[in-house]
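Hi everyone, thanks for coming. Please have a look at the sequence and the model on the screen, and then I'll walk you through them.

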Amino acid sequence: MQIIYKTKRVCSRSIEIQLDENNIIRSVRFNGGCSGNTQGISSLTVGMKAEDVIKRLKGIDCNGRGTSCPDQLACALEQALAKN
């Protein structure tokens, strides 16, 4: 399943995610944002179950914005799982 999620209140503009049929993350690509950080998040989450990533990243805040790129990834995955 290919997901393109438009982010809110963060530096990145969108996140492209590829999930397999077992909800395992196969790829994550942030468009915009802090390159090193978003590449790190992407690398760390590939191969993980979407549910586990949501548990680890949900609620992380960046500079008092109430969200962050990791939190937005969790939101995107929640939305994808809800549609499945």
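This is a predicted model: local features need pLDDT of at least 70, side-chain atom pairs count only at pLDDT 80 or more; totals for chains, interfaces and linings use all residues.

Let me begin with a definition: two strands pair if DSSP finds at least two bridges between them. Helices (H or I, at least four residues) and strands (E, at least two) are DSSP runs, numbered from the N terminus. Residues are numbered from 1 along each chain as its sequence is written, and side-chain values use heavy atoms, with hydrogens and water left out.

Let's start with the strands. Strand 1 and strand 2 run antiparallel and are joined by five bridges. K6 has S14 in strand 2 as its bridge partner. The hairpin of these two strands has five residues between them, and there R9 takes a positive phi near 60 degrees. Most residues other than glycine have a negative phi, and R9 is not a glycine. Is R9 buried or exposed? R9 has a relative accessible area of 57%, so R9 is exposed.

Moving along, strand 2 also pairs with strand 3, in the antiparallel sense, over seven bridges. S14 turns up again here, with N31 as its bridge partner in strand 3. I17 stands opposite V28 in strand 3. In this hairpin, five residues lie between the strands, and N23 takes a positive phi near 65 degrees.

Next, the inside. A nonpolar core is a set of buried Ala, Val, Leu, Ile, Met, Phe, Trp, Tyr and Cys residues joined through side-chain atoms within 4.5 Å. The largest one has 21 residues, and I17, L19, V28, F30, L73 and L77 touch the most other members. Strand 1 (2-6), strand 2 (12-19), strand 3 (25-32), helix 2 (50-57) and helix 3 (69-83) each give two or more residues to this core. Which element gives the most? That is helix 3, with seven residues.

Let's zoom in on F30. Leaving aside neighbours within four places in sequence, F30 is in contact (heavy atoms within 4.5 Å) with S12, S14, I15, T38, I41, S42, C69 and L73.

Some of those names belong to helix 1, residues 35-45, whose buried residues are T38, I41, S42 and T45. They sit on the same side of helix 1, because they cover an arc of only 100 degrees around the axis, taking the directions from the helix axis to the C-beta atoms. These buried residues pack against strand 3, helix 2 and helix 3. The face turned away from them carries the exposed residues G36, Q39, S43 and L44. Just after helix 1, G47 takes a positive phi of about 95 degrees.

Finally, the cysteines. How many disulfides are there? With a disulfide being a pair of cysteine sulfur atoms within 2.5 Å, the count is zero. For C62, the nearest cysteine sulfur is that of C11, 6.3 Å away. The sulfur of C75 is 11 Å from the closest cysteine sulfur, in C69, which is too far for a bond.

That's my tour, so over to you!

Definitions and conventions. Buried means under 20% relative accessible area, exposed over 50%, partly exposed in between (1.4 Å probe, protein chains only).
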